[in-house]
Amino acid sequence: LYLSNGLRVWYQRLPDEPDVHVRVTVPYGSDSDWHGKEQIAHFLEHMLFSDHDGRTEEEIKGEIENRGGRRNGTTYSDHVSYYATIAKEDGLLALDWIYRIVQPHAMEPEVVDRGRQPVGLEIGIRPREFFDWIGAYVIDPPWLRVKGFWEREFNYETRQFRWYDPHTSLGSITPEDLRAFYDTYYVPSRMTLVV
């Protein structure tokens, strides 16, 4: 089923199940990260759970968790997925909640700055030290790297085979970058809603 805005909807009624599961998938993940802005897809995933519409991150997450539900978002190489699982009687709340997660956000500079640290901690980045630079330029220099399968066969460079400094890259992502990435990839006609 496709809605008038192009959103694809997959719905399966399971009358004996006590919970409802709602998921939105965007078919662009970390392989779509812009050069010099690696981690932008992952950072945006975190930002969509951050302060929005006068509610704190804790309040946003609590809407589902305080009712015994589960929620999360995950960035993969080829897609980003957001979900909520909750008791059937709260199914409409879960639909509304997931809509508010993936709708456009203001990307306020102070919220973006606060959001950098959790992303950095999650992926374990830190500024490069002396021996990191030696390893990057002497032991494993970019010009010696073998192309990955997708780049070799289809001339499509995946982020996994890029040479970049994660700390510098994450630090260079601006609120405007996050909004531009959102506007480029978070289009209803590219998304899928599963209920």
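Trainee: At 7% relative accessibility, does M107 count as buried or exposed?

Mentor: M107 counts as buried, because its relative accessibility is 7%. Buried means under 20% relative accessible area, exposed over 50%, partly exposed in between (1.4 Å probe, protein chains only). This is a predicted model: local features need pLDDT of at least 70, side-chain atom pairs count only at pLDDT 80 or more, and totals for chains, interfaces and linings use all residues. Residues are numbered from 1 along each chain as its sequence is written, and side-chain values use heavy atoms, leaving out hydrogens and water.

Trainee: What is the phi of M107?

Mentor: Most residues other than glycine have a negative phi. M107 is not a glycine, yet its phi is positive, about 60°. M107 lies in the loop between helix 3 (91–102) and helix 4 (109–123). Helices (H or I, at least four residues) and strands (E, at least two) are DSSP runs, numbered from the N terminus.

Trainee: Where is Q39 found?

Mentor: Q39 sits in the loop between strand 2 (19–26) and helix 1 (40–47). Its phi is also positive, near 85°.

Trainee: Which residues of helix 3 are buried?

Mentor: An α-helix has 3.6 residues a turn, so residues three or four places apart point the same way. In helix 3, the buried residues include A94, W97, I98 and I101.

Trainee: Which residues of helix 2 meet helix 3?

Mentor: Contact means heavy atoms within 4.5 Å. I60, E63 and I64 in helix 2 meet L93, A94, W97, R100 and I101 in helix 3.
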